[in-house]
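User: Please walk me through this one. I'll stop you with questions.

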Amino acid sequence: MSQALVQLKNVKKSFGPVDVLKGVDLEVFAGKVTALVGDNGAGKSTLIKGLAGVQPYDAGEVRFDGELQELHSPRQASALGIEVVYQDLALCENLDIVQNMFLGRETLKSGTLSEAEMEAAAARALQSLSVKTVRSVRQTVSSLSGGQRQTVAIARTVLRDARLVILDEPTAALGVAQTEQVLNLVRRLADQGYGVLMISHNLYDVFKVADDIAVLYLGNMVAQLETAKTTSNEVIGYITGIATDVKEG
Amino acid sequence: MLAGLRGSNNEGVLALVLVVIVVAISILNPVFFSLTTMFSIMRGSIVPLIFALGVLIVIISGGIDVSFAAIAIFSAYTAVKIAQDGNFDPGLIVITLMAACFGALLGLVNGAVIANFRLPTLIVTLGTQGLFRGVLIAYVGSKYIANPPMSLDEVAKTNIISIVNEQERGAFLHVLVVPVIILTILVAWMLKRTMFGRAIFAIGGDDEAARRAGFPVVRIQMMVYILVGVLAAVAGVFHVTLGRNANPQDLVGNELDVIAAVVLGGASVFGGRGSVLGTVLGVLLIQVINNSLLLAGVPTAWQRAAVGVLLIVGVGIQALSAKRKTKRSFVTAQLGA
Ligand SMILES: Nc1ncnc2c1ncn2[C@@H]1O[C@H](COP(=O)(O)OP(=O)(O)OP(=O)(O)O)[C@@H](O)[C@H]1O
Ligand SMILES: [Mg+2]
């Protein structure tokens with residue numbers, strides 16, 4: 001089997017006396033969608049915040065491309081090519097699509113913003129993901145639908161030369177058609193070689209796009225399954241803890 | 001196309017309102033429609049416009065600064081007093097630079113408190129307004145300086161355009177209009193074309209998103225308040241120059257005109273929106289209204305009331321359109337689904 005893009009080994013994190021991650025292993029592969037599932041409070045968000053460098057792990061190993069890495073800041077994560085799309089998307093509604101896609105990484109020409117260049121690059125990035133749902137890249141985000149916003153947030157990671165795109169419940173607030181759109185986009189992302197780690201509570205979504213399913217239960221990684229070789233009943237068993245004897249502590 | 005004319009912040013609408021008001025007043029009172037009035041409105045706009053540029057920047061960044069007038073008079077009065085006490089006359093430029101340093105310092109006080117303690121900007125600047133004013137009067141001086149440095153007086157008497165015609169009313173365009181135009185262009189360029197400007201819009205739109213995008217939010221907020229302080233100081237020196245006296249009791253209390261102008265100019269009180277063009281139009285509008293009410297013999301108390309009403313109307317329009325927008329995006333989400 002090929003080498004994992006990201007490999008976590010025995011990763012731990014506590015908040016005071018509360019152990020949220022109790023030694024978690026996880027592998028994410030380039031070109032694959034790995035779904036991260038688990039009940040509320042299982043530690044999914046905490047796990048990805050560590051990968052994003054926002055809340056570094058207390059202990060454990062992080063390998064990226066097989067190399068041991070320290071992730072202590074979002075900058076470090078971003079430099080490796082780890083980009084996160086948070087549930088709240090972190091878009092500025094008052095700015096347009098181009099401005100949001102380049103936010104914080106604006107193209108400058110002799111010290112001033114190079115709008116034309118950014119516009120072209122943003123349009124290319126959207127095109128590379130076959131996004132056809134936005135009318136103009138100069139629309140402000142406040143005028144976009146939920147699915148379109150999600151699309152912009154995902155396309156932004158591509159523009160930032162992501163190699164691993166982490167999505168926190170990308171379809172949570174979306175209707176049926178828009179969920180479909182976003183899932184297709186997630187699939188295309190993986191098909192183009194990006195590694196995708198997607199948190200989801202919706203098993204239908206998970207079975208639709210994921211190649212692998214990782215299940216967290218009370219801070220333990222209780223299963224990493226291939227979607228093709230499992231059933232939603234089995235996954236539900238792991239999520240609810242029925243299928244495993246979980247070691248406490 | 002109509003939307004294009006309207007402008008992204010309703011500048012077109014504002015320009016139209018301005019034209020209509022000018023035409024209406026000119027019909028009622030033909031004396032109003034003259035070069036004399038125009039130049040005097042421009043002269044009257046010098047100080048408020050510089051203030052307004054500062055307020056615009058801070059409003060776009062999602063805050064508000066009501067201490068600018070206190071900073072202005074503190075900085076200008078202190079600079080003039082230093083020159084007077086030291087018996088030297090360094091000229092307008094050096095006095096402005098000195099004042100700008102004080103302005104930067106006071107702006108830094110605002111910025112440090114706001115950015116580091118995450119306190120509401122209105123309350124903080126209301127507090128520092130009192131603080132700056134108190135320190136000025138208690139420690140720097142409370143005396144009215146009737147004879148500021150000669151060099152300022154020279155500038156005060158300089159016009160770039162002087163038209164003296166047969167009528168007794170000549171038309172004079174004051175020289176300080178020039179630096180104000182330059183400042184206005186610089187601020188517009190900064191907001192539109194620089195990374196700093198983009199950061200200000202981003203922070204005003206969603207400071208968390210700006211932080212995650214890698215902008216040093218705290219540092220940028222500090223810089224915003226420092227910049228407001230510097231602009232206020234420049235406005236203060238120009239005010240002292242034009243008025244040919246330095247009065248420590250001056251300026252504070254007239255913040256409403258400036259804030260109303262910026263808000264009418266389309267800057268969103270919720271942050272993230274606003275333009276220099278709109279602000280210029282807003283300042284001109286307030287000046288025209290004040291001027292014409294003056295010409296019509298309306299007492300100053302009513303002028304203030306009129307400006308107050310305009311401010312509320314401006315904010316009301318924003319609140320309404322914000323409401324309409326959320327409704328609209330809800331509808332599109334429904335249609336898309
Ligand atoms: N900063 C924090 N301080 C203290 N406890 C925290 C902190 N962040 C998370 N926790 C706790 O860690 C546990 C796991 O939280 P986490 O947000 O990772 O869960 P999750 O799997 O993402 O849940 P959900 O599905 O509800 O988003 C929860 O019990 C939560 O209360
Ligand atoms: Mg979560």
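**Helices, sheets and a ligand**

Analyst: H12(B) and H13(B) are oblique to each other. Here, angles under 35 degrees count as roughly parallel, over 145 as roughly antiparallel, 65 to 115 as roughly perpendicular, and the rest as oblique. One caution first. This is a predicted model: local features need pLDDT of at least 70 and side-chain atom pairs count only at pLDDT 80 or more, while totals for chains, interfaces and linings use all residues. Residues are numbered from 1 along each chain as its sequence is written, with chains lettered from A and ligands numbered from 1 in the order in which they are written.

User: At what angle do the axes of H12(B) and H13(B) cross?

Analyst: They cross at roughly 130° and come within 7 Å. H12(B) covers residues 255-264 and H13(B) covers residues 276-295. Axes are lines fitted to C-alpha atoms, for helices over the stretch in contact, and angles run from 0 to 180 degrees between N-to-C directions. The helices (H or I, at least four residues) and strands (E, at least two) are DSSP runs, numbered from the N terminus.

User: Is the crossing of H12(B) and H13(B) left-handed or right-handed?

Analyst: Right-handed. A crossing gets that name if the near helix is turned clockwise from the far one by less than a right angle, and left-handed if anticlockwise.

User: Which residues of H12(B) and H13(B) meet?

Analyst: From H12(B), they are B:Asp257, B:Ala260, B:Ala261, B:Val262 and B:Leu264. From H13(B), they are B:Thr279, B:Gly282, B:Val283, B:Leu285 and B:Ile286. Contact needs C-beta atoms, placed from the backbone, within 7 Å. The classes here are 7 nonpolar, 2 polar and 1 charged. Ala, Val, Leu, Ile, Met, Phe, Trp, Tyr, Cys and Pro count as nonpolar, Asp, Glu, Lys and Arg as charged, and the others, Gly among them, as polar.

User: Now H4(B) and H6(B). How far apart are their axes?

Analyst: The axes are 9 Å apart, at an angle of about 20°. That makes H4(B) roughly parallel to H6(B). This crossing is left-handed. Among the contact residues are B:Phe74 and B:Tyr77 of H4(B), and B:Phe132 and B:Leu136 of H6(B). The contact has 8 nonpolar, 2 polar and 2 charged residues.

User: New topic. How many residues does each chain give to the contact of chains A and B?

Analyst: Chain B gives 24 residues and chain A gives 22. On the chain B side, H9 (195-205), H10 (207-212) and H14 (300-336) each give two or more. H9(B) has the largest share, 6 residues. That side divides into 9 nonpolar, 8 polar and 7 charged residues.

User: And the ligand? Which residues surround ligand 1?

Analyst: Its shell includes A:Phe15, A:Val18, A:Asn40, A:Gly43, A:Lys44, A:Ser45 and A:Thr46. To count as near, a residue's C-beta atom, placed from the backbone, must lie within 6 Å of the ligand. Strand E2 (18-28) and helix H1 (44-51) of chain A each supply at least two residues. The largest share, 3 residues, comes from H1(A). By class, the shell has 4 nonpolar, 6 polar and 1 charged residues.

User: What strand order does the sheet with E2(A) have?

Analyst: The order is E2-E1-E4-E5, in an open sheet of 4 strands with antiparallel pairing. Two strands pair if DSSP finds at least two bridges between them. E2(A) and E5(A) stand at the edges with a single partner strand each, so one side of each has no neighbour in the sheet. E1(A) and E2(A) pair over 8 bridges. A:Leu8 stands opposite A:Leu26 there. In their hairpin, which has 2 residues between the strands, A:Gly16 takes a positive phi near 60°. E1(A) and E4(A) are joined by 5 bridges.

User: Which strands of chain A are at the edges of the 6-strand sheet?

Analyst: E6 (82-85) and E12 (220-226). The order is E6-E9-E10-E3-E11-E12, with mixed pairing. Its twist averages 20° from one strand to the next. E11(A) and E12(A) pair in the antiparallel sense over 6 bridges.

User: Where does H1(A) lie?

Analyst: H1(A) lies across E3, E6, E9, E10 and E11 of chain A, running at about 150° to E9(A). H1(A) also lies across E1 and E2 of chain A, at about 65° to E2(A). H5(A) lies across E6 and E9, at about 170° to E6(A).

Notes:
Two residues are in contact if their C-beta atoms, placed from the backbone, lie within 7 Å.
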